[in-house]
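These are notes for a colleague who is opening this structure for the first time.

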Amino acid sequence: MNVLLLGASGRIGTRIANELLNRGHAVTGVSRSGAVDSIDDPDFSAVAGDATDADQLAQLAAGHDAVASALGPSDDESPEVLVEMLDAVVDGMRRASVDRLVWTGGAGILNVGPDTRLIDSPEFPDEWKPVASAAIEAYGLLEDADDLRWTYVAPAALIEPGERTGEFRTALGELVADEDGESRISMEDFAIAFADELERGDAVHEQLAVGY
């Protein structure tokens with residue numbers, strides 16, 4: 001596939017890019033600066049782009065088979081930029097006639113019990129709530145995009161750099177946790193699950209949760 005990857009310079013984005021490249025896909029990595037210094041591969045090209053600009057996104061997406069996103073707000077941005085980004089991505093994809101989108105979401109939306117999402121649980125840190133709430137609001141835009149083959153890939157409650165083990169579990173709409181109730185995933189293994197879904201399309205119009 002020829003994949004347009006948004007947020008390619010971030011920690012998760014670079015891992016997704018490398019996973020896709022190792023599988024033989026071509027990746028166009030978008031970042032604000034246009035520089036993704038950590039990736040050196042003949043099938044990778046880095047470009048500058050504003051993920052809140054639908055016109056730019058339409059131009060960038062044209063000719064690609066799919067759009068992948070590892071977008072997130074920077075330290076100096078309001079979490080609400082996630083909504084603005086997703087709105088622009090959906091608009092741009094429609095203009096470019098690209099219908100496959102795999103979006104890195106947040107764990108806060110996932111269910112941890114009957115009618116209870118992780119964000120509503122007592123253990124959910126207050127400092128994470130603004131970003132989690134914005135991610136959930138952005139998800140509402142995806143639900144209305146029936147013309148796109150989208151998948152919302154949500155990590156475990158804790159995602160951090162680690163090992164690429166290839167050993168993880170997935171679930172639809174429910175937080176993945178171990179027998180002790182801990183929910184975690186390495187960025188490397190998250191990238192595997194993300195690439196698997198991009199290739200297979202087994203969870204179209206679903207929240208795909210990943211964890212150990």
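1. In this predicted model, α3 packs against helix α4 (residues 129-143) with the axes 8 Å apart and an angle of about 20° between them. Angles under 35 degrees count as roughly parallel, so α3 is roughly parallel to α4. The crossing of α3 past α4 is right-handed.

2. Which residues make this contact? On α3 they are Leu82, Val83, Leu86 and Asp87, and on α4 they are Val131, Ala134, Ala135, Glu137, Ala138, Tyr139, Leu141 and Leu142. Sorted by class, the contact of α3 with α4 has ten nonpolar residues, two charged ones and no polar ones.

3. Helix α3 (residues 81-96) also meets helix α2 (residues 54-61): their axes come within 7 Å and cross at roughly 45°. That angle makes α2 oblique to α3. Here too the crossing is described as right-handed, with α2 passing α3.

4. The α2 side of that contact consists of Ala54, Asp55, Leu57, Ala58 and Ala61, while α3 contributes Ala88, Val89, Asp91, Gly92, Arg95 and Ala96. Seven residues in the contact of α2 with α3 are nonpolar, three are charged and one is polar.

5. How do α1 and α5 cross? The axes of α1 and helix α5 (residues 187-200) come within 9 Å, at an angle of roughly 55°. The result is that α1 is oblique to α5, and α1 passes α5 in a right-handed crossing.

6. From α1, the residues that meet α5 are Arg11, Ile12, Arg15, Ile16, Glu19 and Leu20. Their partners in α5 are Met187, Glu188, Phe190, Ala191, Ile192, Phe194, Ala195 and Leu198. The contact of α1 with α5 divides into ten nonpolar and four charged residues, with no polar ones.

7. Glu19, one of the α1 residues that meet α5, also forms a salt bridge with Arg164, in which the closest N and O atoms are 2.9 Å apart. Glu19 belongs to helix α1 (residues 11-22), and Arg164 to the loop between β9 (158-160) and β10 (169-172), so the pair ties together parts that are 145 residues apart in sequence. For the model, the count of salt bridges comes to 13.

8. As for annotation, an unreviewed UniProt entry places the feature "domain: NAD(P)-binding" at residues 7-195. Over residues 7-195 the chain is 32% helix and 22% strand.

Terms used
Residues numbered from 1 in each chain as written. Predicted model: local features only at pLDDT ≥ 70, side-chain atom pairs only at ≥ 80, totals over all residues. Heavy atoms only, no water. UniProt positions renumbered as here; feature names shortened; annotations may be inferred. Helix = DSSP H or I, 4+ residues; strand = E, 2+ residues; numbered from the N terminus. Axes fitted to C-alpha atoms, helices over the stretch in contact; angles between N-to-C directions. Parallel < 35°, antiparallel > 145°, perpendicular 65-115°, else oblique. Left-handed = near helix turned anticlockwise from the far one by under 90°. Contact = heavy atoms within 4.5 Å. Nonpolar A, V, L, I, M, F, W, Y, C, P; charged D, E, K, R; others polar. Salt bridge = Lys/Arg side-chain N within 4 Å of Asp/Glu carboxyl O.
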